Amino acid sequence: MTQSRFDRSLLHDSSAAAGTTVHDIGLLVLRLVVGLSMAGHGTMKLFGWFGGPGLTATGKGFSMAGYPAGDAMAVIAGLSETLGGLGLALGLLTPLAGAALTGVFINILDVRGFDAYFPPKGIELEVVLFASVIALTLTGPGRYAVDHYLPVLRASRPRYAVIALLVGAVVGFVVLLIRD
């Protein structure tokens, strides 16, 4: 008795190739949503796009939050979010993108505070996005990513992911130390 064509479809195939395809599609969807969301937040800070405040207002916000050189911090945060988000979305230099966003999220969480987890004043969304960044950095971007097509970056190297997250965390905490 032969299997029907439907039984061998992607949804019912138990082979490693089908599992990898579904896995890679899942990573692509997550990368696109999280990465483009972060890039959007960065462009809100840098250019005032999507109804964002722009650099001047963002710089004032950083100064009010106790950061020295608020305008410079706004540029750094905006570039970290934009470039880190685009890198994550494209699957380009994924550990580096994860490091940039890790530093950002450490500062976001500290500024927002840990008084409440759920809205309206909670940090639920930030925690979910940060966990997504960490997970994507650790798993690698999958086959549908620019990294997959670059020989040096093709193989996911867990040690690079862990080192990148540690560097991002250290830089994030160093930035917190210069805050008033």
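A residue is called buried under 20% relative accessible area, exposed over 50%, and partly exposed in between. The views below come from a predicted model.

**View 1. The rings of Phe47 and Trp49 form a tilted aromatic pair.** With a relative accessibility of 47%, Trp49 falls into the partly exposed class. The search of the whole structure finds four aromatic pairs. In the pair of Phe47 and Trp49, the ring centres are 4.8 Å apart and the planes stand at 35°, so the arrangement counts as tilted.

**View 2. Tyr117 and Phe118 form an edge-to-face aromatic pair.** Their centres are separated by 4.9 Å, and the angle between the planes is 90°. Tyr117 has a relative accessibility of 37% and therefore counts as partly exposed. Phe118, at 54%, counts as exposed.

**View 3. Arg159 lies over the face of the Tyr160 ring.** The distance to the ring centre is 5.2 Å.

**View 4. The largest nonpolar core comprises 21 residues.** Phe62, Leu88, Phe105 and Val133 have the most contacts inside this core. Two or more residues each are supplied by helix 1 (16-47), helix 3 (70-90), helix 4 (94-112), helix 5 (124-139) and helix 7 (158-177). Helix 4 gives the most, with five residues.

**View 5. Leu88 is shown with its contacts beyond its neighbours within four places in sequence.** These contacts include Arg31, Val34 and Gly35. Thr94, Ala97 and Leu101 are also in contact with Leu88, as are Val133 and Leu136.

How values were computed
Residues are numbered from 1 along each chain as its sequence is written. This is a predicted model: local features need pLDDT of at least 70, side-chain atom pairs count only at pLDDT 80 or more; totals for chains, interfaces and linings use all residues. Side-chain values use heavy atoms; hydrogens and water are left out. A nonpolar core is a set of buried Ala, Val, Leu, Ile, Met, Phe, Trp, Tyr and Cys residues joined through side-chain atoms within 4.5 Å. Buried means under 20% relative accessible area, exposed over 50%, partly exposed in between (1.4 Å probe, protein chains only). Helices (H or I, at least four residues) and strands (E, at least two) are DSSP runs, numbered from the N terminus. Contact means heavy atoms within 4.5 Å. Rings of Phe, Tyr and Trp (its six-membered ring) pair if their centres lie within 6.5 Å; planes under 30 degrees apart count as stacked, over 60 as edge-to-face and the rest as tilted. A charge sits over a ring if NZ of Lys or CZ of Arg is within 6 Å of the ring centre and within 35 degrees of the ring normal.
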